[in-house]
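Me: I would like to learn how to read the pockets, cavities and helix contacts of a model. Could you take me through them one at a time?

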Amino acid sequence: MFHGDNGCRLVSMKTQIHTQLGAPPHDGSYDNEALSCSTIDITAPNSGEPHGGLRGSNEFILSDSGKKVTGDDQTGQLNMWLQRKARSAFSEKMIKKRLPILRWLPQYNSTDAIGDLVAGITVGLTVIPQALAYAGIAGLPAAYGLYGSFLGCIVYIVFGSCKDVPMGPTAIASLLTFQTAGGNVGKAILLCFLSGVVELLMGLLGLGFLVDFVSGPVSSGFTSAVSLIIVTSQVKDVLGISAKGTTFIEIWRNIFNDIHNVQVWDTFLGLTCIAVLLIMRIIAGLKVGPPDDELKSKNHRIINKLMWLIGTSRNAILVVVCGAIGYSFQSSAVAPFKLIGDIPPGLPSLKAPPFSLTANETMSGTEESFMEMVSSLGSGLIVVPLIALMENIAICKAFSNGKPVDATQELIAIGLANIANSFVQGFPGTGSLSRSAVNNASGVRTPLGNIYTMALVVLSLLFFTPYFSYIPKASLAAVIIAAVVFMVEVKVVKPMWRTKKSDLIPGLGTFIACLALPLEMGILFGVGLNVVFILYHAARPKISVERLTSPGGAEYLIITPDRCLIFPSVDYVRNLVTKQSIRQSLPVVIDCSHVYGADFTAATVIDSITQDFARRDQPLFFYNLKPSVCAIFEGLSPADFVVYYREEHLDDLLKQRAYKPKEVISA
């Protein structure tokens, strides 16, 4: 018990030696000498241990020798810590952790090679049409989608920790690139470089935990809104009209303004392609033969594998067919479809990203320095890396089979990949969930599957770019729409409603904000709304109030908060304690078993509460208060501050106070 009237103060907590050999206890525990301030004997009967065997927490730093660290040797401890960090940074374990290729490459075998080859080629057939289409979402020429789809794959093979991640452009990253860079090629490439630098720095500083601030409902609302915006942005190509915009509302307004210019053949081709892609998607999931795989014949397995391959390669098949249709009209004066246009043949030149823009490279017609470019990119420099990390971590968790995901390593991997892509004129990219699903279903074994995907992209740039110019825009728009429409996470609403309905509010708020506002503002609104909910719950702890009888027969009121006492919640707790104590007119015990932390505001409120109870001559006791929290409360030397740790001592405390119950005051 700590009592303020007798001038008792908390004393220093010393480590006591309890072993026969005189060594410090292995658990780092210590006797809380502050308990010696107690005005009653709390030594347990037949116990040779001081203070009845009560122990405090082990909240101090132990040196390597097991001794408590004092202020005199803090510098030495800092030097030791730095030495340990330096040794661990260059240890074999850390090197293998930061270069994951060293873990799986020595065990690489022919089975792994076959699995990676099949998966890499399958993903390559998917990534080429998607890269061409995603460049359109980013507002860039189609070739830049391919430029960002090969060099980053090589980097991810060395540094990536997830075998299922194919590095390259994604729908969400492309839309964010458009909203940040505004379709300017130079700014998009610089954004790729700076995003990679930010991701790499976040990884080196261990800031992967930042993605934890984006909750599941906020992430679902963001992804669903982005999916609708992307679908909306492609409607113009399906209809063959010009309708630009950065937000959902703005794009639809421009579509309706230009609806009278709809092109019949583009619309027919686009709708037909969407229908074909959806049908082929269904075919990929069909199975023939008996339900049990063991009972299927060889022909059944061949047919099922063929249907899966056709369905999985649907984007490549559709683009090739539509490209052939567009090529058939090359002799015509005017093609009935809008085509994506010429794509420069060959690989992009290897050069540094642009750190300034000439007058011809800007929309305003004036030169822009590096700082002006960075300023124009604005919050995208933070939002793009964070969203890229969210996408990548979602993929890693989806295919990790319960294994922990190293967010720090993934930040380093995608950061270096984006930096590399910026040197070949790529725009920001990350892991794609749809391509990862194809990769996993194709039997990928290691990240080396990326090398075959890269090879297909390089071959397409070297030999097939002249034919890509005949691909109709409507077919690429259909590829995007058929892919991202399934990213709208409607399925999470029902389980969210069943588990915790209030989680729908930040999810729905994020969804609406991202549709009405720029994406970076929408995601910030969602995170802010989620933080408000967290603070509200912190400010309104669950508090149980019970009327009990002590072993000696005295009635008392026990009030139990379920969490720490910090500034948002202390006034709420104080009002409830005051209300219940006046209503019941009984001794009050605050059970602090769940109070693991407090702050200065809580200490001032506790001081005020003890004064209020003292004026009413109503006993107030604190039960099982953690010594570290007690030290915070004692910092203000509150009057009549009494703490006890054993239930049987309550009667002794009441006898000391000679408390006589007063009349119950009606509420």
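Me: Which residues lie nearest the centre of the largest pocket, and how many residues line it?

Reply: A pocket is an open set of points on a 1 Å grid over the protein atoms alone, with protein on both sides within 12 Å along at least five of seven lines, and a lining residue has an atom within 4 Å of a point. Here the largest pocket is lined by 44 residues, and Ser432, Leu433, Ser434, Phe486 and Met487 lie nearest its centre. Bear in mind that this is a predicted model, in which local features need pLDDT of at least 70 and side-chain atom pairs count only at pLDDT 80 or more, while totals for chains, interfaces and linings use all residues. Residues are numbered from 1 along each chain as its sequence is written, and side-chain values use heavy atoms, with hydrogens and water left out.

Me: How much space lies in the largest pocket, and which helix gives the most to its lining?

Reply: A volume is the space filled by probe spheres set on the points, which are joined across faces, edges and corners; for the largest pocket this comes to about 1200 Å³. Helices are DSSP runs (H or I, at least four residues) numbered from the N terminus, and H15, residues 380–398, gives the most to this lining, with seven residues.

Me: Where is the centre of the second largest pocket, in terms of its closest residues?

Reply: Of the 32 residues lining that pocket, Gly136, Gly139, Lys236, Asp237 and Lys473 are the closest to its centre. The pocket holds about 780 Å³ of space, and the largest share of its lining, five residues, comes from H4.

Me: How many cavities of 30 Å³ or more does the structure hold?

Reply: A cavity is a set of points where a 1.4 Å probe fits but cannot get out, and the structure holds two of 30 Å³ or more. The largest has a volume of about 70 Å³, and its lining includes Pro561, Leu565 and Phe622.

Notes
Helices (H or I, at least four residues) and strands (E, at least two) are DSSP runs, numbered from the N terminus.
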